[in-house]
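Welcome! Have a look at the structure first, then read on.

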Amino acid sequence: MKLTKEKVKHVAKLARLGLTDHEIEKFQTELSNILDYVEMLNEVDTKGIEPTAQVTGLTNVMEKDIVRRCENPHRLLENSPLPIENDQIKVKPVFE
Amino acid sequence: MNLNELTIHEAHQGLKNKKFSSAELTKACLKKAKDLNEKLNAYTLITEAWALEMAKKADEVLQKEQNPNPLTGIPVAVKDSFCTEGIRTTACSDILRNFIPTYDATAVKKLKEVSCVIIGKTNTDEFTCGASTETSCFGVTRNPWDLNRVSGGSSGGSAAAVATDACIYATATDTGGSIRQPASFCGVTGLKVTYGRVSRYGVMAMASSLDTVGAIAKNVFDIALIMNVIAGKDYFDSTTPNIEVPDYIKGLDSTDLKGLRIGLPDEYFISGMEEDVEKKVREAVRELEKLGAEIKKISLPYTKYACPCYYVICPSEVSANMARYDGIRFGPGTKKEAEDLFDYYLQVRDEGFGDEMKRRIMIGTYALSAGYYEAYYLKAQQVRTLIKMDFENAFKEVDAICCPIAPTTAFKIGEKTSDPVLMYLGDIFTIPANLAGVPALAVPCGFSKNSLPIGMQIIGPQFKEPLILKIGSVYQKITDWHKKKPKIS
């Protein structure tokens, strides 16, 4: 199954990946090949089979709601490439 | 023998008996690491100053303590997807090229608590997504047995560093084979633990229901010593069950396998695999039989669906885990001007992620998107249940399973990079254990006609690491494949 260019562009937009036209063409083929390969899963009869989301068997691992202090919040801000104002990371506008 | 050629156990004896210091041991490893790195590229960062500082502290501990932990003062290489406080951690991705964590991964913290010595960070495929270490933003790690070939992946750097004695052991992760396959390609020993046995806190997540934290070392006994330190429930990782950590070296003094039933699955010996790989693994199993194990043919009927199942589940989870790399809180951001936040995201992520990451993110986004979720992700999760049941049924008949790790020995650099599906097919024997969440040990079991290492996989039921370590340990008592070293000019 060949993915259309529009589909690839749509998926890239959802994934917030800014792809060039060349990349879109390249991924169109590569992704189609991968999707063709995984089509194999349709050979398997999975009627009545419960999906496995995780293999630990654990459920509802709870934690006490206790406040713990972050040792040095300024160190965390140092990792950001964006300007810091009043201990806040300044980002580009969300809306125009 | 040079100090860096010692195993953890041997080095510990030497340190305890004051034959040498951690500082001397560390300097020997650092020298080897630096001498080889241009050729091999196993390390993304060699942390000489940190290492010497840690060795100094370790020597103080060794002076004071009567019974120091066996890992005290021992140089370790840390895979570059493990957060190490104050030491650059990149997951070998441009999107984290300059990231310096403010905390240690739990596994690193536990090693530091026993005064380990961090020699450096090792190379990996970008965000551990790969089977050859070719997608690293720092370039590929060459195989020490043949520099034109890959070390395997994603823990190629860790495997190559251990194989060349450029460290005494290394941390690593295994999501679809990333410890076992490079261990096999480089002729070293590696353990993929039961999912949840070791905390994943502070280790950059790839596929959260599949990722495991483990180690690569020079033999099984050393792996057990490492497990004694890193295994266990962690407050910060809610997928670590409250299951007791046994003493992993107990039972490793066995010299036979009497009473053990080992299964050989039909589906792991297929046409298309390299002849030598099949030959050496079957020879190894015959050795296990001579040691008293009963060998039984078994079937894991859904094996062939493991790879496509994984290549839906894995990218889906990868796409979710990669969403945090948005250039806001960490990473180098983008030099280009962005009009608004949306543009900023597009640019940061286009510049920061390599091709394989983009591929996986897109497949995952597609598989999870409205209209496709049932057809892909849900379907794959159902197939996963069947694959898990294959193992549960098999372990009613046998105690452990032995099989190959990869269909081939180390392939040439560049051989598979233009065909993603071909690269994915190399994972067919390792993926099932990740889907089922069971532990699997990789031990060297021979060489091919062109002198490339071959490994055997020993798979056990969940939390039965002591059993598979025992089998591996007994095998290493009567063979010396794990002692062979590559010659690098």
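Apart from its neighbours within four places in sequence, Thr408(B) is in contact with Phe185(B), Glu274(B) and Val277(B). Please keep in mind as you read that this is a predicted model.

**Around Thr408(B)**

- You will find Thr408(B) in the loop of chain B that runs between strand 11 (400–404) and helix 13 (420–425).
- The relative accessible area of Thr408(B) is 23%, so this residue counts as partly exposed; the buried class is kept for values under 20%.
- Gly190(B) is 218 residues away from Thr408(B) in sequence, and the two C-alpha atoms are 18 Å apart in space.

- Strand 11 of chain B runs antiparallel to strand 13 of chain B, and 4 bridges join them. Within this pairing, Ile401(B) has Ile459(B) of strand 13 as its bridge partner.
- Strand 12 of chain B (residues 440–447) is also antiparallel to strand 13 of chain B, with 7 bridges joining the two. Here Gly446(B) has Ile454(B) of strand 13 as its bridge partner.
- Strands 12 and 13 of chain B form a hairpin with 5 residues between them. In the turn, Ser451(B) has a positive phi of about 60 degrees.

**Chain A at a glance**

- Chain A has 3 helices and 2 strands, and from the N terminus on these follow the order α-α-α-β-β.
- Its radius of gyration is 22 Å, well over the 12 Å that the globule rule gives for 96 residues, so chain A is more spread out than a compact globule.
- The C-alpha trace of chain A spans about 55 × 45 × 25 Å along its principal axes.
- Buried residues make up 31% of the 96 residues of chain A.
- Among contacts in chain A with a separation of 6 or more, 39% are between residues 24 or more positions apart.

**Surface and charge of chain A**

- The accessible surface of chain A is about 7,100 Å², and carbon and sulfur atoms account for 51% of it.
- Chain A carries 14 positive and 17 negative side chains, and the centres of these two sets are 4 Å apart.

Definitions and conventions: Residues are numbered from 1 along each chain as its sequence is written. Chains are lettered from A and ligands numbered from 1 in the order in which they are written. This is a predicted model: local features need pLDDT of at least 70, side-chain atom pairs count only at pLDDT 80 or more; totals for chains, interfaces and linings use all residues. Side-chain values use heavy atoms; hydrogens and water are left out. The radius of gyration is taken over C-alpha atoms; the globule rule is 2.2 Å times the number of residues to the power 0.38. Buried means under 20% relative accessible area, exposed over 50%, partly exposed in between (1.4 Å probe, protein chains only). Contact means heavy atoms within 4.5 Å. Accessible areas come from the Shrake-Rupley method with a 1.4 Å probe; for residues, only the protein chains shown count as cover. Lys and Arg count as positive and Asp and Glu as negative; His and the chain ends are not counted. The place of a charge is taken as NZ of Lys, CZ of Arg, CG of Asp or CD of Glu. Two strands pair if DSSP finds at least two bridges between them.
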